[in-house]
Amino acid sequence: MPTPEPGPSSELEASPIAPIEAPSSKQDAPPSDPENVKKRQNIFTRTLWTFIMIGIFIGLLLMGHAYMVLLVMLCQTLVYREVTALFLLAQSDKRDEVEGKDPWSKTLNWYFFAATNYFLYGESIIYYFKHVVFSEAQLLPFATNHRLISFALYTIGLMGFVLSLQKRYLRKQFGLFCWVHMSLLLIVVSSHFIVNNILEGLIWFWVPASLVICNDVFAYIWGMSIGRTPLIKLSPKKTVEGFVGAFISTVLFSLLWGSYFMRFNYMICPVHDLGVSAWSNVQCVPNPVFVWKDWQIPTPLATVLSTTLQTQITSISYVPYHLHLLSMSFFASLVAPFGGFFASGFKRAFNIKDFGHSIPGHGGMTDRMDCQFLMGVFMYVYYSSLIRQHNVTVGSILQKIVSGLSVDEQLELIVDLKKYLEGMGVPVPC
């Protein structure tokens with residue numbers, strides 16, 4: 001019988017067997033998608049900083065009006081820096097690299113910013129703290145001449161701008177001058193109105209700002225859940241379903257949220273002392289919009305309701321603030337989002353994704369404040385027109401006395417007022 005020739009299998013059997021390594025888990029696992037990893041990181045960062053911002057916001061709210069004013073000033077400073085930087089970004093070219101940049105542009109930008117803030121915040125301080133400003137001899141010259149001083153500061157800036165003009169930068173300098181003034185109008189003036197809302201009572205700032213945030217959150221939730229129909233070309237991710245769902249959610253949220261915070265004097269009382277906080281014993285006569293009232297139900301309707309519910313119903317308790325909450329929620333849902341659409345169009349014009357990187361995961365401060373500015377201006381105009389009470393105060397009388405009477409007339413007023421109080425049996429301290 002012939003012997004079979006050794007084949008490949010026999011050679012393998014004869015040869016020493018090398019150990020076969022098991023494939024590593026890294027080789028078995030599919031390669032991770034860098035885009036998915038980056039997306040998860042962005043979501044985590046965005047969520048983390050959302051809670052950080054909410055915590056800071058609530059903390060400053062509890063600390064008092066002064067800290068909320070400082071927060072608004074910080075936000076407006078960051079927004080102003082981001083918006084004015086866009087002009088310099090748009091105008092930068094190789095010629096600037098060769099010839100250098102205008103050395104006075106940033107200096108004058110911030111000078112006009114400071115002068116505008118001096119005027120606007122000075123107006124607020126004089127209006128809301130007359131009883132302090134007009135009773136201090138050191139502050140009196142600044143209070144009585146505040147507008148003249150503000151105009152002088154602006155004139156100095158205008159003269160400085162004209163003196164800084166250079167032939168090779170004329171178009172850029174005048175463009176920046178107009179850009180700065182539009183930024184001051186849209187940003188600083190809007191912030192001034194928001195500060196006035198804070199001083200009128202924290203609820204006129206806290207609730208409207210919360211409604212804008214609520215609308216933004218629910219628009220995202222409803223849009224991700226059932227959104228199908230595009231709403232506006234400037235923001236492709238916005239949907240009609242998200243817009244409508246956010247409107248309904250914000251209206252319901254406003255009634256619950258506003259009704260809760262209207263119970264606290266700290267939230268509804270106008271400021272008289274910047275040193276108060278949430279733990280202070282704040283007392284004031286509440287605005288009539290926070291006073292409960294009874295609406296008498298028409299007799300036929302009351303009969304139907306009583307029969308249906310098996311209980312006697314003749315009136316419904318409410319506060320006028322509930323009606324104002326509906327107005328605020330309507331504006332926050334139907335109009336304020338257009339501030340965001342405006343900002344989206346602005347970014348598209350400059351081919352940028354975000355206004356800056358002030359807040360990790362959220363872009364710039366402007367990306368978060370676009371709707372808030374519009375809501376703050378609406379709240380100030382709405383409150384001033386329909387809610388504010390124009391009462392005579394000690395501060396307003398003191399302002400008229402100091403600015404309208406001579407020293408001799410002021411002394412005569414003191415003597416006459418003392419006689420009147422003594423005649424009423426009121427002890428007058430010497």
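Accessible areas here come from the Shrake-Rupley method with a 1.4 Å probe, and for residues only the protein chains shown count as cover. By that method the chain exposes about 27000 Å², of which carbon and sulfur atoms supply 67%. This is a predicted model, in which local features need pLDDT of at least 70, side-chain atom pairs count only at pLDDT 80 or more, and totals for chains, interfaces and linings use all residues. Residues are numbered from 1 along each chain as its sequence is written, and side-chain values use heavy atoms, with hydrogens and water left out.

**View A. Trp204 and Tyr383 form an aromatic pair.** Rings of Phe, Tyr and Trp (its six-membered ring) pair if their centres lie within 6.5 Å; planes under 30 degrees apart count as stacked, over 60 as edge-to-face and the rest as tilted. The centres of Trp204 and Tyr383 are 5.0 Å apart and the planes stand at 50 degrees, so this pair is tilted. Trp204 belongs to helix α11 (residues 203-226) and Tyr383 to helix α17 (residues 365-386), 179 residues apart; helices are DSSP runs of H or I, at least four residues, numbered from the N terminus. Both Trp204 and Tyr383 are buried (under 20% relative accessible area, 1.4 Å probe, protein chains only).

**View B. Phe57, Phe205, Trp206, Phe253, Trp257, Tyr260, Phe261 and Phe264 form one aromatic cluster.** A search of the whole structure finds 32 aromatic pairs.

**View C. Lys130 lies over the face of Tyr127.** The distance from the ring centre is 4.1 Å; a charge sits over a ring if NZ of Lys or CZ of Arg is within 6 Å of the ring centre and within 35 degrees of the ring normal.

Terms used
Helix = DSSP H or I, 4+ residues; strand = E, 2+ residues; numbered from the N terminus. Buried < 20%, exposed > 50% of the residue type's maximum accessible area, 1.4 Å probe, protein only.
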